Amino acid sequence: MKRAPLILLAAVLVQIIASFTFNRKPSWGFFAHQKINRLAVFTLPPEMTTFYKHHIQYITENAVNPDKRRYAVDYEAPRHYIDLDVYGDSAVYKMPRYWNDAIEKYTEDTLQAYGIVPWHVHFVTYQLTEAFKENNAEDILRYSADLGHYIGDANVPLHTTENYNGQLTDQYGIHGFWESRLPELYSEDYDFFVGKAEYVENTQIAIWDAVKEAHLALDSVFSFEKKLTKKMDDDTKYSSELRGNVNVKVYSRNFSKAYHKMLSGQVERRMRNSIKMVGDFWYTAWVNAGQPDLDLLIDERPIFSRDEFITNSQSNKLRRHESGVEN
Ligand SMILES: [Zn+2]
């Protein structure tokens, strides 16, 4: 009789330990990822809106699936970031935009070791396009939710650097601060009206533009934090807040407010860009698939029970596609 609570406690402990040990880069907090996917639905044209609104809860809740998969499979983690600085100073401009060119220059092992987010966004865009062509409601929803996640990650400055949590510059904790605490504290006041989804001529270049903008924002992300830290002692910089029943150390409200102000809209701009891009990419995949009638799929009850991971045949298909016209 006493075993059940113990097992439960053990399971909770394992999860807590795992979240510290394996979660190399938690991406936009759950809160921001869900908000981005949800708001992207409202950018879509009428032909897509009915279907996406019907499934808005799924699209929102499953915005965080890719982060959950990191605990299950090794190959998931590199899909969420790219350590551009390991490739040299102006890598953000020089890095090959297309997967095959990048492999040729650096080898696939190297790319996987330092993260592949922009190329993975392209892969999932392709998967989503195929799902639209096949009128497969389950896959359309699954890949739409996933794509929203990876596009969101590609827009986060700290997902484009080896120093992803300030661990190399004595700014440990800055990752969650920027992408979770700040949006949670201030996004109520953000302007999320981003206009209508637009067709993207070249999604591979577009996602790289987002990565570039995110990477160029890093200088402010780090230097403003340093500047403020010099002005405040630890007691002013941090405070403790109650989460559930536990007191946790957080960046204080004063520090957060001052930092957010110095960033002058940076978090808001990255979130807005994410929302707009997610809408644009969903729309572009649908157009490229020949604009299938989504209203016909609306009554299909998705099962979502199939293996979520990419099968070999799918990845072979992509390789063929990669070496085709778009490249
Ligand atoms: Zn992520």
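**Figure 1. Polar contact between T161 and D85 in the predicted model.** The side chains of T161 and D85 make a polar contact of 2.5 Å. The structure shown here and in the other views is a predicted model. T161 belongs to the loop that runs between α10 (137-154) and α11 (174-186). Its relative accessible area is 1%, so T161 is buried.

**Figure 2. Polar contact between N65 and N62.** The side chains of these two asparagines, N65 and N62, are joined by a polar contact of 3.0 Å. N65 is part of helix α5, which covers residues 65-69. With 9% relative accessibility, N65 falls in the buried class, for which the limit is under 20% relative accessible area.

**Figure 3. Surroundings of V41.** V41 is placed in the loop between α2 (30-40) and α3 (46-54). This valine, V41, is buried, at a relative accessible area of 0%. When neighbours within four places in sequence are left aside, V41 contacts Y52, K53, I56, I59 and W282. The view also takes in K276, which is 235 residues from V41 along the chain. The C-alpha atoms of V41 and K276 are 9.8 Å apart.

**Figure 4. Y52 and the largest nonpolar core.** The largest nonpolar core holds 78 residues, and Y52, F132 and W282 are the ones that touch the most other members. Helix α16 makes the greatest contribution to this core, with 10 residues. Nonpolar side chains tend to be buried together in soluble globular proteins. Y52 has 0% relative accessibility and therefore counts as buried. Apart from its neighbours within four places in sequence, Y52 is in contact with V41, L44, I59, F132, I140, S144, W282 and L294.

Figure 5. Over the whole structure, a search finds 14 aromatic pairs. In the pair formed by F51 and Y52, the ring centres are 5.7 Å apart and the planes stand at 80°, so the arrangement is edge-to-face. The edge-to-face class applies to planes over 60 degrees apart. F51 is buried, at 0% relative accessibility, and Y52 is likewise buried, at 0%. In the pair of W99 and W119, the centres lie 5.5 Å apart and the planes are at 55°, so this pair is tilted. W99 is in helix α7 (residues 99-106) and W119 is in helix α9 (residues 117-133), so the pair ties together parts separated by 20 residues in sequence. Both tryptophans are buried: the relative accessible area is 12% for W99 and 4% for W119.

**Figure 6. Aromatic cluster with a lysine over one ring.** F177, Y238, Y251, F255 and Y259 are linked into a cluster by ring pairs. One member of the cluster, Y238, has K249 over its face, at 4.2 Å from the ring centre.

Figure 7. N135 is not a glycine, yet its phi is positive, near 50°. The residue N135 sits in the loop between α9 and α10. Its relative accessibility of 35% makes N135 partly exposed. Q291, also a residue that is not a glycine, has a positive phi of about 50°. Q291 is located in the loop between α16 (266-288) and α17 (312-322). At a relative accessible area of 42%, Q291 is partly exposed.

**Figure 8. The whole chain, as context for the close-up views.** The protein contains 17 helices and two strands. It has 327 residues, of which 52% count as buried. Of the contacts between residues at least 6 apart in sequence, 79% join residues at least 24 apart. The accessible surface amounts to about 16,400 Å², and carbon and sulfur atoms account for 53% of this surface.

How values were computed:
Residues numbered from 1 in each chain as written. Predicted model: local features only at pLDDT ≥ 70, side-chain atom pairs only at ≥ 80, totals over all residues. Heavy atoms only, no water. Phe/Tyr/Trp six-rings, centres within 6.5 Å; stacked < 30°, edge-to-face > 60°. Buried < 20%, exposed > 50% of the residue type's maximum accessible area, 1.4 Å probe, protein only. Helix = DSSP H or I, 4+ residues; strand = E, 2+ residues; numbered from the N terminus. Lys NZ or Arg CZ within 6 Å of the ring centre and 35° of its normal. Polar contact = N/O pair within 3.5 Å; in protein donor to acceptor, adjacent residues only side chain to side chain. Contact = heavy atoms within 4.5 Å. Areas by Shrake-Rupley, 256 points an atom, 1.4 Å probe, with all protein chains shown as cover. Core = buried A, V, L, I, M, F, W, Y, C linked by side-chain atoms within 4.5 Å.
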